[in-house]
Amino acid sequence: MTPEIAAFLTIDGVATGAIYVLIALGFVLIFAVTRVIFVPFGDIAAFTALTLAALETKHLPGTVGLVAALAALASLMEIVKLLRSRRAGAIPRALLFYLVLPLVPVAAVWATAGTLLPLPLRIVLALALILPIAPLLDRVVYRPIADGTVLLLLTVSVALHFALVGLGLLFFGPEGVRTESLTDYTLILGGVPISGQSILIVAAAIIFSGILFLFFEFTIIGKSLHATAVNRTGARLMGIRPERSGTIAYLFGSLLAGVSGILISPVNTIFYDSGFLIGLKAFVGAIIGGLVSFPVTAIGSLFVGVLESFAAFQSSSFKEVIVFSILIPVLLWRSYSFAHSEEDIDE
Amino acid sequence: MSVAAMRLVIAVAVVLVAAAPFYLAPFTITLMNYIGIYGLVALGLVLMTGVGGMVSFGQAAFMGIAAYSTAWLSAVMGYSPWLGLLLALALTSLVAAVLGAVTLRLRGHFLSLSTIAWGLAIYFTFGNIPGLGNFNGITSVPPVAVGPVKLLASDQIYYLIWLVVLLAMLLAHNMLASRVGRAMRSLRGGNPMVESLGIDAFRIRLATFVIAALLAALAGWLYAHMSRFVSPTPFDVTMGIEFLMMAMVGGSGYLLGAIVGAALITLLKNSVQDYLPLIAPSASGQLEIVVFSALFILFLQHAREGIVPFVARFLPETRRRPPPAAEPLPRRRQPDAGQVLLDVEGCSRRFGGLMAVNDVSFELRSGEILGLIGPNGAGKSTMFNLVTGALPVSAGKIVFAGADITKTTQRKIARAGIARTFQHVKLRPRMTLLDNVLLGTYSRTRSGFLAGALNLDAHEERQAYYEAIRQLQRVGLGERPYELAGNLPLGNQRVLEIARALAADPVLLVLDEPAAGLRRQEKLALAALLRNLKAEGLTILIVEHDMDFVMNLVDRIVVMEFGCKLCEGAPAEVRVDPRVQEAYLGGVA
């Protein structure tokens with residue numbers, strides 16, 4: 001391997017790693033606030049790419065149906081819950097949040113279907129369409145068992161992921177997509193070309209990590225999210241609504257996933273089921289960070305990206321095996337450095 | 001229902017299973033074969049998830065390792081499938097042991113996440129090895145031959161499959177009822193209690209994990225020789241979650257749940273495959289997984305317990321007699337009265353900037369009852385955790401019975417003869433009183449997994465049961481040994497903890513606020529019990545808030561305040577000590 005190839009692989013790896021950083025940060029954010037390991041997170045990224053591709057080809061994206069169906073289901077559950085607790089007066093407000101708001105981007109996409117909008121507008125629409133999915137899933141799937149153990153929530157997450165992959169195939173079809181590239185710019189640095197796309201990806205990762213950091217350190221909402229993460233009951237006693245904290249975490253997390261989906265789709269062909277592998281690799285990064293630390297997660301995800309890039313060069317067919325096998329030494333390291341962590345009390 | 005009636009039900013079930021090929025259609029027999037194979041994997045998950053509290057999405061990968069081992073050895077290399085079975089079991093247990101050693105020390109969800117990752121890694125490995133036919137797999141795997149008979153037809157291999165299933169169920173049932181089985185059942189709910197009884201939680205976890213993998217390996221071997229073809233697809237993570245679904249739907253704490261769950265999911269899947277094309281002809285494949293996942297989520301939201309426990313509620317309870325008398329377990333020799341048993345020399349424990357225990361020294365002589373008192377936050381419980389090894393000492397030295405135990409693990413300290421109770425009661429509420437106390441005998445008995453599974457431990461078990469019932473009777477809980485511990489009021493739970501500690505035949509009994517939550521009569525009974533124990537030569541260290549209780553019981557008292565030792569002496573001396581009065585009542589303003 002020549003130094004040029006090594007440099008090229010490293011740059012490629014950092015760009016891939018930056019994608020994982022975005023998704024892994026979302027994992028950690030959602031886990032920290034809700035204790036849900038949101039396995040379908042990678043699917044959200046893939047669905048964003050598929051949505052953007054549909055808008056590009058002037059098709060009605062499958063996300064429209066998905067969001068509409070989820071919104072209807074969530075509203076129905078909310079209405080039933082309110083009627084049962086005899087609070088029918090709160091129904092209009094619930095409908096606003098669970099039905100009207102999610103349907104705004106759906107309506108916008110519907111109205112503009114068939115016309116090719118300019119790229120920035122397409123991106124905004126795709127993101128707006130993707131944002132309600134995770135909060136709605138939270139309402140439908142996780143909230144009834146919000147007090148369950150981490151393991152229960154994880155089991156539900158895995159099942160949910162499979163449901164979403166099935167729905168993805170149903171709504172988007174089996175074809176892979178690759179969207180229009182966001183920039184044609186190429187930087188030549190010391191003889192090694194760096195694509196503008198890679199720079200954009202890394203920049204996005206840096207910007208969003210920065211926002212996340214500032215948000216948690218300096219805003220009251222960030223602090224209330226943190227409080228919910230530490231102790232739900234305690235936070236509730238302080239007047240923080242854990243449900244609301246959860247929704248905010250899902251929204252912000254979906255934004256991260258959406259952005260990564262938009263950034264990755266010009267580089268990689270995305271299928272309805274591509275999300276799982278992307279998400280799982282980001283997971284490896286998140287696990288390096290112990291699902292707690294944002295900075296270590298970011299470094300870990302970059303490491304996974306670089307490792308994958310070198311592994312693909314050495315043996316493309318075993319690239320996945322190598323990436324997932326890295327978990328073993330990582331877990332070994334974690335198990336010895338954190339051996340005294342309290343067990344989940346599960347009885 | 002009596003034990004005899006239970007045996008009859010089981011015998012009828014076995015006969016029905018054995019005669020199935022004579023009254024069921026061939027297609028149903030094929031389905032039964034799948035149910036048996038999947039049931040084996042689910043049985044492993046019941047042990048792992050339902051009993052041991054570890055959730056795995058990767059059992060399909062273990063099944064795959066076994067299926068590929070035997071397929072390669074028999075179809076590619078041309079050896080007998082029976083040799084394939086050996087290779088399958090050996091390779092699977094090796095992989096499981098390595099993966100388990102790495103992941104089982106971690107919190108539960110890390111373990112589960114890693115099962116997804118290595119499940120995928122193993123799947124991709126199968127698909128990328130040319131010698132294993134890449135993603136096309138290995139064809140023409142030979143059938144298993146029993147003597148001259150080749151098990152080709154589905155009603156032939158049916159007998160092999162269900163024989164394995166029934167044997168596996170029987171062995172698993174025996175094992176769960178044995179010494180290690182009780183340890184497995186005690187895993188859920190955290191390590192501190194388990195380790196305090198001298199049980200190596202990690203070793204039990206690892207063994208459970210490997211056993212579950214071996215069951216999956218058996219299933220994989222049967223699968224390879226039943227379908228005569230292996231490819232990576234059936235061993236995907238999707239299948240992994242289906243196995244988990246079977247175990248949980250059936251009722252993951254119950255062995256029978258594995259078979260019931262496997263049957264239900266397999267039949268449901270079969271009928272979904274029949275009906276979905278009628279509803280959505282073009283998209284039935286993808287709808288199937290959506291429907292299944294949605295059903296599973298609904299199940300987890302509303303009926304987490306599963307089917308078997310739900311049905312079991314309507315069945316009459318099995319009547320069990322109290323365990324009979326037996327030869328008692330060998331006892332430890334109590335040290336001679338009056339010699340130094342525990343010597344704490346200048347012990348400190350720091351939590352970040354807080355000195356919870358600061359340079360505390362005291363001695364405990366065998367045969368005495370020493371009280372450790374002090375206001376809230378004085379560091380009593382921390383001191384307690386240092387003595388029992390639950391927390392490492394920051395500085396200082398602890399000597400127990402002549403041996404330095406400063407750096408010894410909690411488990412070894414327990415085995416050396418220090419038994420403890422907890423301030424916040426740590427019992428296993430879903431185990432019976434008897435089982436909870438039996439856990440205490442763990443360090444005095446030695447039967448392992450194999451002895452338990454093969455029922456070779458009967459003599460020792462009788463001894464342990466007798467010991468447990470004696471200790472229960474001694475603390476006044478001998479009336480209903482088969483009651484669930486969770487049904488007891490708090491006061492009795494504390495007493496049950498003492499019985500458990502006594503079952504370990506300790507030299508030193510360490511009690512953390514044993515009188516909290518007890519009524520007056522119960523306190524008197526407890527004090528009488530402790531005096532009795534003292535008369536038998538047992539040494540007791542007790543942390544207590546109830547001054548009446550302490551003052552009338554103990555020989556000497558050590559008073560702590562703000563992490564330091566304030567004074568020590570006989571109860572009467574301590575009571576009049578001005579420093580103690582100031583610590584408890586505040587200084588004269």
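**How the terms apply**

Tutor: Of the 589 residues in chain B, 51% count as buried, a residue being buried if 20 or more other C-beta atoms, placed from the backbone, lie within 10 Å of its own, exposed if 12 or fewer, and partly exposed in between. This is a predicted model, in which local features need pLDDT of at least 70 and side-chain atom pairs count only at pLDDT 80 or more, while totals for chains, interfaces and linings use all residues. Residues are numbered from 1 along each chain as its sequence is written, and chains are lettered from A and ligands numbered from 1 in the order in which they are written.

Student: How many of the 347 residues in chain A are buried?

Tutor: Buried residues make up 50% of chain A.

Student: What makes the radius of gyration of chain A agree with that of a compact globule?

Tutor: The radius is taken over C-alpha atoms, and the globule rule is 2.2 Å times the number of residues to the power 0.38. For 347 residues the rule gives a value near 20 Å, and chain A has 20 Å, so the two agree. The C-alpha atoms of chain A fill a box of roughly 70 × 60 × 35 Å along the principal axes, whereas the C-alpha trace of chain B spans about 90 × 55 × 45 Å.

Student: What is counted as a helix or a strand here?

Tutor: Helices (H or I, at least four residues) and strands (E, at least two) are DSSP runs, numbered from the N terminus. On that basis chain A has 15 helices and two strands, and chain B has 23 helices and twelve strands.

Student: How do you know which residues of chain A and chain B take part in the contact?

Tutor: Two residues are in contact if their C-beta atoms, placed from the backbone, lie within 7 Å. The contact takes 42 residues from chain A and 41 residues from chain B. On the side of chain A, the elements giving two or more residues are helix H7 (150-172), helix H12 (274-288), helix H14 (319-325) and helix H15 (327-337). H7(A) supplies the largest share, 15 residues. By class, that side of chain A has 30 nonpolar, six polar and six charged residues; Ala, Val, Leu, Ile, Met, Phe, Trp, Tyr, Cys and Pro count as nonpolar, Asp, Glu, Lys and Arg as charged, and the others, Gly among them, as polar.

Student: Where do the domains of chain B lie?

Tutor: The bounds come from an automatic or database domain assignment. Chain B is divided into domain 1 (3-312), domain 2 (335-417 + 506-589) and domain 3 (428-505). Six residues of domain 1 of chain B are in contact with six residues of domain 2 of chain B. The centres of these two domains, taken over C-alpha atoms, are separated by 50 Å.

Student: Why is Arg470(B) called partly exposed?

Tutor: Arg470(B) has 18 C-beta neighbours inside 10 Å and therefore counts as partly exposed. Arg470(B) is in helix H18 (residues 458-474) of chain B.

Student: What makes E8 and E12 of chain B edge strands?

Tutor: They belong to an open sheet of six strands with mixed pairing, in the order E8-E9-E10-E5-E11-E12 (chain B). Strand E8 (418-420) and strand E12 (564-569) of chain B each pair on one side only, where pairing requires that DSSP find at least two bridges between two strands.

Student: How many bridges join E5 and E10 of chain B?

Tutor: Strand E5 (residues 369-373) and strand E10 (residues 539-543) of chain B pair in the parallel sense over four bridges. Within this pairing, Leu541(B) in E10(B) is the bridge partner of Leu370(B).

Student: Is each of them buried or partly exposed?

Tutor: Asp359(B) has 14 C-beta neighbours inside 10 Å, so Asp359(B) counts as partly exposed. Glu513(B) has 20 such neighbours and therefore counts as buried.
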